[in-house]
Amino acid sequence: MKGFSLLETLVAVGILIGAVLGPLALASSSINAASLAKHQIIAANLAAEAMEAVRNKRDSNIFQGSDWLSGLTSCLEPGSCFLDMSQTSPYDYDIGSCAPDCPALKRNPANGLFNVGTGEETGFVRKITMVLLTSGEVKVRVEISWKEKNSTPSFVLETYLLRWH
């Protein structure tokens, strides 16, 4: 008998499909993992930036002789606040109230800064909350959330700040 039977042909086609689809599924999974890793790195940096801004605000208040939480009271629970970076200087920022929902961050293509006013939508949301533990200590929590294909992952950074003067 010459040629292949129908059964042999179907088995050969099945093996070829498996050989092609396996690497494609792996490549798709790798692309999704790379995207998630990229977003996690951005989220970690956005959280660190917010934490440093809160520390800077506390320190500036103390050096100026103001109440150490001046300008941060909107962040105290049950409220929350957002950080809006200036479009002209990375050292100039505003902290505003955003309870219950904080605005989505945009990225200015001219200078690369994330802010809430100008630029392209990024899908990232930055939320700062503070819990007053004692008259001289607060717990600061920065949460960055974003949208992936079928989920909304988040990155959380927490620390404790003291009134050190």
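**Salt bridges, strands and core of the predicted model**

Seven salt bridges are counted, a salt bridge being a side-chain nitrogen of Lys or Arg within 4 Å of a carboxyl oxygen of Asp or Glu. The model is predicted, so to speak of local features takes a pLDDT of at least 70, and side-chain atom pairs count only at pLDDT 80 or more, while totals for chains, interfaces and linings use all residues. Residues are numbered from 1 along each chain as its sequence is written, and side-chain values use heavy atoms, with hydrogens and water left out.

Let us begin with the charged pairs. Glu 49 and Arg 126 meet through their side chains in a salt bridge, at 2.8 Å from N to O. Because Glu 49 lies in helix α1 and Arg 126 in strand β5, this pair ties together parts that are 77 residues apart in sequence. Helices (H or I, at least four residues) and strands (E, at least two) are DSSP runs, numbered from the N terminus. Arg 126 counts as buried, at 1% relative accessibility, whereas Glu 49, at 25%, counts as partly exposed; buried means under 20% relative accessible area, exposed over 50%, and partly exposed in between (1.4 Å probe, protein chains only).

A further salt bridge joins Arg 141 and Glu 158, at 3.3 Å from N to O. Here Arg 141 lies in strand β6 and Glu 158 in strand β7 (residues 154–162), so parts 17 residues apart in sequence are tied together. Both residues belong to a network of salt bridges that also links Lys 139 and Glu 143.

Turning to the strands, β5 (residues 120–134) pairs with β3 (residues 104–107) in the antiparallel sense over three bridges; two strands pair if DSSP finds at least two bridges between them. Lys 106 has Glu 121 of β5 as its bridge partner. Strand β5 also runs antiparallel to β6 (residues 137–145), with nine bridges joining them. A hairpin connects β5 to β6 through two residues, and Thr 134 stands opposite Glu 137 in β6.

Finally, the largest nonpolar core holds 32 residues, and those touching the most other members are Leu 83, Phe 124, Ile 128, Met 130, Val 140, Val 142 and Ile 144. Such a core is a set of buried Ala, Val, Leu, Ile, Met, Phe, Trp, Tyr and Cys residues joined through side-chain atoms within 4.5 Å. Helix α1 supplies the largest share of this core, eight residues. Beyond its neighbours within four places in sequence, Phe 124 is in contact (heavy atoms within 4.5 Å) with residues including His 39, Leu 46, Phe 114 and Trp 146.
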